[in-house]
Amino acid sequence: MADRLEIAKNYMALQGAGDVDGAVALLADDVTISNPMTGTTTGKDAAAAGMRNRPAGGGAAGVTWREPVADGDNVKIVGDGSPFGPVRILISFTGDDKIQKVDIGLGS
């Protein structure tokens, strides 16, 4: 699980730095990204397009992310500072440690 914690941490860092190519390299080809603000995106190409077309800051301006934690076979990251309360990101992986699903929601 330690490797998956590092992958999740790296994914978040790449997203924060605006490195779309680096973030997309961590995704499975059939990744699903679910976000209550933008809906569900399926596939690596669609995920990349969504990352490239989002507003500066990605809607996470002012959010401070906690350290990733293991949540079963998944990794959970919680952010504080959103006007809506805590933001939760649950990341699932394929057997070869590619990111299979990113589920973004509210709550911890």
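**The whole chain**

The protein chain contains 3 helices and 7 strands, where helices (H or I, at least four residues) and strands (E, at least two) are DSSP runs numbered from the N terminus. Followed along the sequence, these elements give the pattern α-α-β-β-α-β-β-β-β-β. The radius of gyration is 13 Å, close to the 13 Å that the globule rule gives for 108 residues, so the chain is as compact as a globular protein of that length. This radius is taken over C-alpha atoms, and the globule rule is 2.2 Å times the number of residues to the power 0.38.

The structure is a predicted model, in which local features need pLDDT of at least 70, side-chain atom pairs count only at pLDDT 80 or more, and totals for chains, interfaces and linings use all residues. Residues are numbered from 1 along each chain as its sequence is written, and side-chain values use heavy atoms, with hydrogens and water left out.

Display the C-alpha trace: along its principal axes it spans about 35 × 30 × 25 Å. Of the 108 residues, 36% are buried. Here buried means under 20% relative accessible area, exposed means over 50%, and partly exposed lies in between (1.4 Å probe, protein chains only).

Select residues 44-53, which form helix 3. Which residues of this helix are buried? They are Ala-47, Ala-48 and Met-51. Seen down the helix axis, the buried residues fall within an arc of 100°, so they line one face of helix 3; the arc is that of the directions from the helix axis to the C-beta atoms. Now turn to the face directed away from this buried side, where the exposed residues Asp-45 and Asn-53 are found.

Centre the view on Leu-27. Leaving aside neighbours within four places in sequence, Leu-27 is in contact (heavy atoms within 4.5 Å) with Tyr-11, Lys-44, Ala-47, Met-51, Lys-98 and Ile-99. For the chain as a whole, residues 24 or more positions apart account for 38% of the contacts with a separation of 6 or more.

**Charged pairs**

Side chains of opposite charge can pair when their charged atoms come close. The structure holds 6 salt bridges, a salt bridge being a side-chain nitrogen of Lys or Arg within 4 Å of a carboxyl oxygen of Asp or Glu. Three of them may be visited in turn.

Select Arg-4 and Asp-97, whose side chains meet in a salt bridge (2.6 Å, N to O). Arg-4 lies in helix 1 and Asp-97 in the loop between strand 6 and strand 7, so the pair ties together parts that are 93 residues apart in sequence. Is Arg-4 buried or exposed? At 15% relative accessibility, Arg-4 counts as buried, whereas Asp-97 is partly exposed at 28%.

Stay at Asp-97 to examine the backbone. Most residues other than glycine have a negative phi. Phi of Asp-97, however, is near 65°, a positive value in a residue other than glycine.

Next, select Glu-67 and Lys-9, which form a salt bridge with the closest N and O atoms 2.9 Å apart. Glu-67 belongs to the loop between strand 3 (64-65) and strand 4 (69-71) and Lys-9 to helix 1, 58 residues apart. Lys-9 is partly exposed, with a relative accessible area of 36%.

Finally, select Asp-80 and Arg-66, another salt bridge, with the closest N and O atoms 2.9 Å apart. Asp-80 lies in strand 5 and Arg-66 in the loop between strand 3 and strand 4, so this pair ties together parts 14 residues apart in sequence. Asp-80 is partly exposed at 30%, and Arg-66 is partly exposed at 41%.
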